[in-house]
Structure formats: structure tokens, C-alpha cells
Amino acid sequence: MYTIGIDIGSTTSKCVILRDGREIVGQALYVGGIGTQSPGRSVADTLAQAGLREEDLAASAATGYGRNRWEGADFQLSELSCHALGAHWVFPGVRTIIDIGGQDAKVISLNEAGRMQNFLMNDKCAAGTGRFLDVMATVLQTPVSRFGDLAAQAKTHAPISSTCTVFAESEVISQLANGVELPDLVAGICDSVAARVAAQAKRLGVTPRVCMSGGVAYNSGVRTALEKELGAEIAVSPLAQYLGAVGAALYAWEQKQKTVS
Ligand code: ADP
């Protein structure tokens with residue numbers, strides 16, 4: 001049985017097809033979320049990769065910021081539940097998820113069965129989210145995908161004192177003008193995001209095993225700084241950005257199983 005999960009985020013659309021809730025047979029990601037062609041493209045690509053047509057799918061589930069705009073999904077559910085399902089599928093035994101996306105950051109605690117127990121979300125302020133990193137990447141004319149390697153080369157971490165993204169942007173511009181090295185600046189920027197998210201995580205409580213989900217999980221500068229702040233190892237899967245879509249496809253599979261049995 002094939003089920004599809006689509007995660008329509010604020011900045012990217014991710015799609016996954018699962019066979020029998022066990023194996024990924026197709027996955028695709030397009031930059032662009034709600035109101036763009038990316039959700040449709042990611043579904044079409046995923047189907048093509050799996051060698052399937054829409055009528056081969058037993059059920060579909062949509063999650064993410066734009067889930068209510070995706071007509072035709074059999075189920076719609078929150079990113080929180082989907083990230084919990086997806087993270088538990090990849091890392092059985094995970095108890096804390098730190099999900100940093102394009103516009104928000106969530107810390108989710110799971111019970112032993114892998115179900116969401118509690119969460120804390122920051123969707124009010126760009127600091128501590130992918131948006132902060134994306135703004136700095138534009139200022140530095142350096143893609144965020146290089147931030148991890150650059151931060152690892154830092155000799156000293158240039159501290160960013162402003163928490164506000166707009167003021168921090170001016171601070172980075174003046175540090176650049178003063179000749180601060182790019183790796184040192186990038187390390188300071190990653191530290192700033194990690195400090196914000198670590199405070200959020202500590203408010204909720206951090207139980208190991210900890211993992212990261214969302215696109216910022218690929219930024220090892222932020223991950224390493226978070227590990228230091230929390231004093232805990234953080235697991236990251238190559239599927240980190242897809243975990244919401246994986247969770248949605250799993251949910252669709254679970255629901256379908258109930259109707260079959
Ligand atoms: P959303 O679901 O809100 O659209 P995502 O979980 O897809 O967000 O994450 C998007 C963020 O991930 C971007 O803002 C960007 O900063 C970060 N990101 C994406 N790919 C990479 C990468 N290869 N390396 C570092 N950061 C990345």
C-alpha cells in the first residue's frame with residue numbers, strides 16, 4: 001500500500017511516498033511554499049520517482065503552514081504531530097525534537113511511544129529561525145548551505161549582541177566593514193540562533209535522545225552550538241527536512257490500516 005505525505009512549509013514544499021509505512025519510494029523538495037507551484041511540483045516529482053500514478057495511492061495527508069490550501073488530501077494534520085511521527089520513525093526512542101524551519105522554531109517533547117506530549121513554538125520573531133540565517137546569508141552573499149563548514153573554520157566566534165534580526169543585520173554589516181573574518185561572523189550568527197532556541201528548549205525541558213528536524217538541521221554550525229548550549233548530543237538524519245512529510249505519509253498509512261483491519 002502506498003501513501004503520500006506533503007509538507008507545505010513557509011519556504012519549501014516537501015513530499016514523500018511510503019510503501020506499507022516502512023520504506024520511502026519517492027521524495028522531492030522544492031523551494032517555495034504556499035501560493036507557489038512548488039507543492040504541485042513536489043507531488044509530481046515524487047510520483048514519477050516512485051513510478052506511480054495518483055490512482056495508485058491509497059491515501060494522502062497534508063501538513064505544514066499551507067496544509068489547508070491543499071485540496072484533495074484525505075487528511076490534514078499539524079506539523080507538530082507529523083514531525084513527532086516522522087522523527088520517531090527515523091530515530092526510535094527520540095524524546096525531544098528541535099525543529100527549526102524557515103519562519104519558526106518548535107521544540108517538541110515525545111512520550112516513550114513516540115507521541116507528542118508537549119511543545120513550545122516561536123513563530124513571533126525571526127531571531128532563532130531559518131529566516132534569521134537566510135537574512136544574514138544575503139548580507140554575507142554566502143549560501144546557508146556553507147554556514148556549517150565556515151563556522152567550523154572560525155578562529156574566534158564574533159558575538160552578535162542584538163537579538164532583533166534588523167539590528168543584527170546592521171551589526172553584521174558593520175562587523176564586515178571592520179574586517180571581521182567571514183568564518184568568525186558565521187560562527188557568531190549560528191551561536192545567536194542556537195542561544196535563542198536553547199533557551200526555548202530549556203523552558204520546555206530537554207530529555208535525551210534529542211534530534212533536529214527542519215532545514216536548519218543541515219547547518220552543523222547551529223547544531224554544534226546547540227549541543228554545547230544543551231550539553232546533549234543531537235542526532236540529525238539526511239531526511240531532517242522531510243520529517244514532516246514522512247510523518248504525514250505515516251499518518252495516512254496508519255489511518256488506512258484502521259479502515260482495512
Ligand atoms: P519550512 O518548512 O518553514 O519551509 P524548512 O524546514 O524547509 O522550513 O527549512 C527551511 C530553512 O532551512 C531555510 O530557511 C534555510 O535556512 C535552511 N536550510 C535549508 N537547506 C539547508 C542546507 N543545505 N544547509 C543549511 N540550512 C539549510
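Modeller: Serine 237 sits in the loop that runs between β10 (234-235) and α8 (243-260). Keep in mind that this is a predicted model. With a relative accessibility of 7%, serine 237 counts as buried, because the cut-off is under 20%. A polar atom of its side chain lies 2.8 Å from the backbone nitrogen of leucine 239. Leaving aside residues up to four places away in sequence, serine 237 touches Val90, Phe91 and Tyr218.

Now for the helices, starting with α3. The axes of α3 (residues 130-140) and α5 (residues 165-177) come within 10 Å and cross at roughly 30 degrees. That is under 35 degrees, so α3 counts as roughly parallel to α5. Their crossing is right-handed. On the α3 side, Phe132, Val135, Met136, Val139 and Leu140 take part, and they meet Thr165, Ala168, Glu169, Val172, Ile173 and Leu176 of α5. Sorted by class, this contact has nine nonpolar residues, one polar and one charged.

Then there's α6 (residues 182-204), which packs with α3 at about 165 degrees, the axes being 10 Å apart. Since an angle over 145 counts that way, α3 and α6 are roughly antiparallel to each other. The crossing of α3 and α6 is right-handed. Here Phe132, Leu133, Met136 and Leu140 of α3 meet Leu182, Leu185, Val186, Ile189, Ser192 and Val193 of α6. By class, the α3 contact with α6 has nine nonpolar residues, one polar and no charged ones.

Methods. Residues are numbered from 1 along each chain as its sequence is written. This is a predicted model: local features need pLDDT of at least 70, side-chain atom pairs count only at pLDDT 80 or more; totals for chains, interfaces and linings use all residues. Side-chain values use heavy atoms; hydrogens and water are left out. Helices (H or I, at least four residues) and strands (E, at least two) are DSSP runs, numbered from the N terminus. Buried means under 20% relative accessible area, exposed over 50%, partly exposed in between (1.4 Å probe, protein chains only). A polar contact is a pair of N or O atoms within 3.5 Å; within protein, one must be able to donate a hydrogen and the other to accept it, and residues adjacent in sequence count only if both atoms are side-chain atoms. Contact means heavy atoms within 4.5 Å. Axes are lines fitted to C-alpha atoms, for helices over the stretch in contact, and angles run from 0 to 180 degrees between N-to-C directions. Angles under 35 degrees count as roughly parallel, over 145 as roughly antiparallel, 65 to 115 as roughly perpendicular and the rest as oblique. A crossing is left-handed if the near helix is turned anticlockwise from the far one by less than a right angle, and right-handed if clockwise. Ala, Val, Leu, Ile, Met, Phe, Trp, Tyr, Cys and Pro count as nonpolar, Asp, Glu, Lys and Arg as charged, and the others, Gly among them, as polar.
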